[in-house]
Amino acid sequence: MEKKIISTLLSWYAKSKRDLPWRSDHLVNPYYVFVSEYMLQQTTVPTVKTRFEEFIKKWPSNDQLAKTSETKILQFWSGLGYYSRARNLLKAAKIIHKDYDNKIPDTYEKLIQLPGIGDYTAKAILGIAYNKSVMPLDSNIERILARLYALNQPLIKIKKKLLEKSNNFISKKHASKLIQAFMDYGSIICTPKNPKCTNCKIQEYCLSYKKNIQSIIPTKISKSKIKPIQYTRSYVCINEKNEILVRQRPSKGMLASMLEVPNDIWRTKKSLLKKDDVIKKIKQPFIKKGLIKYSFSHFDLYSDIYFTRIKKNNFAKSRWLRVSLYTKSQLPTVMKKIVKQALLKTE
Ligand code: SF4
């Protein structure tokens with residue numbers, strides 16, 4: 001059965017694969033695969049597609065990437081979220097530049113030591129870029145396996161079983177194509193919702209389809225939809241030259257090293273908020289400009305927004321950013337939203 005599934009998926013892939021910029025039929029560029037795998041962690045393929053092309057235009061090789069600064073890569077990453085990926089990608093590129101003469105490593109032992117690379121990413125690079133006999137388990141592949149074998153439990157509880165089943169699909173000759181075939185099949189045919197079973201080429205081998213339980217696999221873990229909440233107050237201060245007061249966030253923790261407008265340390269209760277030290281020194285009155293809610297993966301942030309106009313002055317650990325440049329700056333999305341709202345309301 002597994003052999004038939006493999007040959008069916010490979011022929012389907014030859015005709016129906018997705019057109020993705022980090023792929024090439026004849027010559028896979030390991031650097032492209034390396035970059036795309038960092039970008040794809042926690043981000044969807046359609047979002048990564050255009051950003052990947054922009055990235056490669058800026059940094060076409062590991063050598064060029066390794067020589068860039070953290071500020072530049074963080075600035076580029078704005079809007080993609082999970083900024084630690086950008087930092088890790090740069091650290092890894094520097095190691096590859098120094099230790100491996102800019103060649104993306106082709107062994108599990110070397111890849112797994114690089115910052116930001118875990119078991120999945122190491123195997124994805126080995127399999128896709130170097131055609132090594134591995135099977136990285138991403139969400140698409142896990143879902144297809146769970147459905148094929150009718151594994152009716154939450155994926156998180158059957159990791160070992162999925163790993164065992166995936167060993168049946170490790171190809172000696174066509175690992176790269178087979179891995180991508182599984183990924184594309186999960187994205188186009190065996191989709192998370194409403195799998196297209198009537199068009200499915202491997203339907204006859206699918207135990208879930210036989211039992212008509214495919215729509216409930218993978219089984220969901222019931223979890224509360226309510227995320228914890230954190231509160232802050234953000235202050236948008238603009239000077240007579242139309243510049244915004246900004247500063248760099250600490251190098252560790254949420255949005256590390258990114259820019260921000262002054263805001264109070266985030267707290268789980270509004271009553272615990274303490275006015276930011278820089279803001280305490282500003283005597284001009286602030287006008288309240290509404291509230292935003294921004295969803296991070298593990299909590300929602302609520303921020304009241306305050307606005308004032310002040311004279312250009314030096315404030316500790318802060319600098320001025322031209323208003324016309326803020327959308328392209330290293331401000332993360334949440335801060336851009338705060339500035340946008342403050343500006344909209346003042347026009
Ligand atoms: S029959 Fe349906 S559930 Fe089974 S592999 Fe095909 S698309 Fe997925």
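Buried here means under 20% relative accessible area, while over 50% is exposed and anything in between is partly exposed, with a 1.4 Å probe and protein chains only. The model is predicted, so local features need pLDDT of at least 70 and side-chain atom pairs count only at pLDDT 80 or more, while totals for chains, interfaces and linings use all residues. Residues are numbered from 1 along each chain as its sequence is written, and side-chain values use heavy atoms, with hydrogens and water left out.

Stepping back for a moment, the protein has 14 helices and 6 strands. These are DSSP runs numbered from the N terminus, helices being H or I with at least four residues and strands E with at least two. The C-alpha atoms fill a box of roughly 75 × 50 × 35 Å along the principal axes. Of the 347 residues, 49% count as buried. Among contacts (heavy atoms within 4.5 Å) with a separation of 6 or more, 67% join residues 24 or more positions apart.

Now back to α8, which covers residues 119–130 and reaches 16 Å from its first C-alpha to its last, close to the 16 Å expected at 1.5 Å a residue. The expected span is 1.5 Å times one less than the number of residues. Its buried residues include Thr121, Lys123, Ile125 and Ile128. What covers the buried residues includes α2, α7 (108–112), α10 (159–166) and α11 (175–188).

The axes of α2 and α8 come within 9 Å and cross at roughly 150 degrees. Axes are lines fitted to C-alpha atoms, for helices over the stretch in contact, and angles run from 0 to 180 degrees between N-to-C directions. The two helices are therefore roughly antiparallel to each other, a label for angles over 145 degrees; under 35 counts as roughly parallel, 65 to 115 as roughly perpendicular and the rest as oblique. At this meeting, Pro30, Val33, Phe34 and Glu37 in α2 touch residues of α8 including Tyr120, Ala124 and Ile128.

Helix α2 also meets α3. Their axes come within 10 Å and cross at roughly 135 degrees. That makes α2 oblique to α3. Here the α2 residues are Tyr31, Tyr32, Val35, Ser36, Met39 and Leu40, and their partners in α3 include Val48, Phe52 and Phe55.

What about α3 itself? Its 14 residues, 45–58, should span 20 Å at 1.5 Å a residue, and the end C-alpha atoms are 20 Å apart, which agrees. There is also a kink of about 25 degrees, centred on Arg51; the bend at a residue is the angle between axes fitted to the seven residues ending there and the seven starting there. The buried residues of α3 are Val48, Arg51, Phe52, Phe55 and Ile56. They pack against α2 (30–40), α4 (62–66), α5 (70–77) and α6 (84–99).

Our last stop is Ser208, found in helix α12 (residues 207–211). Is Ser208 buried or exposed? Ser208 is buried, with a relative accessible area of 0%. Leaving aside neighbours within four places in sequence, Ser208 is in contact with Ala146, Arg147, Leu148, Ala150, Ile213, Gln214 and Ile217.
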